[in-house]
Amino acid sequence: MRYYAPYRFLVYTIISGICLYSFLSHASISHAQSITLSSVQIQAASKTATIGKGSVGLSALAYDQNNNPIWSGVTYEWGISSSNSVGSLNPLQGTISNFTPFKTGTGDVFVIARMGNQMQAVGVQMTVVAPPSPADISGDGKVTVTDLSILLSNFGRVSSVSISGDVNGDRRVNIQDLSLLLSNFGS
Ligand SMILES: [Ca+2]
């Protein structure tokens, strides 16, 4: 049969293709089952939070042994060190959590990632600071002689717009502002 051989070759090719497809499918399933939860990382919008200025967004993501993100099958549980609670977390489950500061200091926010019977955890230190004092005219975070100097250079001025040195915001720089500045001096 002259035409039988090519036909048989075609059949073998198709069977080989099916076998290869089957092998590759099996291989990829085996790969999926062997994902290792190698690490979890926290991304923080900021590691410094100011009291009264809202919450800071945090997100967690788990990574496999090849440092690729694991997009599904991982649960996240958030927590904060209780010995120095400087804020609260909400929600306590899921990839996203918000840190709301309420006391100055530092605290460790952590997340525990779980996948099957595998577990990884990571922490990030959050620093909570007090809102800036209105007496900090120069905006350098402290009330110093620099601020006193600015206030005194504008002393007695009245304006319809904001004036540098107007600590209490009444559009005039006077003894009240000086008093406020001196009571916050050095802070
Ligand atoms: Ca004033």
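Residues are numbered from 1 along each chain, as its sequence is written. Because the model is predicted, local features need pLDDT of at least 70, side-chain atom pairs count only at pLDDT 80 or more, and totals for chains, interfaces and linings use all residues.

The protein holds three helices and eight strands. Both kinds of element are DSSP runs numbered from the N terminus: helices are H or I of at least four residues, and strands are E of at least two. Along the sequence the pattern reads α-β-β-β-β-β-β-β-β-α-α. Of the 187 residues in the protein, 18% are buried. A residue is buried if 20 or more other C-beta atoms lie within 10 Å of its own, exposed if 12 or fewer, and partly exposed in between, with C-beta atoms placed from the backbone. Two residues are in contact if their C-beta atoms, placed from the backbone, lie within 7 Å. Among contacts between residues at least 6 apart in sequence, 49% join residues at least 24 apart.

Pairing of strands is considered next. Two strands pair if DSSP finds at least two bridges between them.

Ser88 stands opposite Thr100 in E6. Leu89 faces Phe99 of E6 in the pairing. The two strands form a hairpin, with five residues between them. Gly94 lies in the turn and has a positive phi of about 100°. The loop between E5 and E6 also holds Pro91. A cis peptide bond joins Asn90 and Pro91, with omega at about -5°. Most peptide bonds are trans, and most residues other than glycine have a negative phi.

Thr100 belongs to strand E6. With 14 other C-beta atoms within 10 Å, Thr100 is partly exposed. Leaving aside residues up to four places away in sequence, Thr100 touches Ser55, Gly87 and Ser88. Thr100 and Ala49 are 51 residues apart in sequence, yet their C-alpha atoms are 7.8 Å apart in space.

Another open sheet also has four strands, in the order E2-E8-E7-E4, with mixed pairing. Strands E2 (48–50) and E4 (75–80) stand at the edges. Each has a single partner strand, so one side of each is left without a neighbour in the sheet. Neighbouring strands here are turned by 30° against each other on average, direction ignored.

E2 and E8 (residues 118–129) run parallel and are joined by three bridges. In this pair, Thr50 stands opposite Val129 in E8. E7 and E8 pair in the antiparallel sense over 11 bridges. Phe110 stands opposite Gly123 in E8. E7 and E8 form a hairpin with two residues between them. In the turn, Gly116 has a positive phi of about 60°. On the E4 side, E7 (residues 105–115) pairs with E4 over six bridges, again in the antiparallel sense. There, Glu77 stands opposite Ile112 in E7.

Positive phi values also occur in residues other than glycine. Asn67 has a positive phi of about 65° and is not a glycine. Asn67 sits in the loop between strand E3 (56–63) and E4. Asn67 is exposed, with 8 other C-beta atoms within 10 Å. Arg171 has a positive phi near 70° and is also not a glycine. The place of Arg171 is the loop between helix H2 (145–153) and helix H3 (175–183). Arg171 counts as partly exposed, with 13 C-beta neighbours inside 10 Å.

Notes. Axes fitted to C-alpha atoms, helices over the stretch in contact; angles between N-to-C directions.
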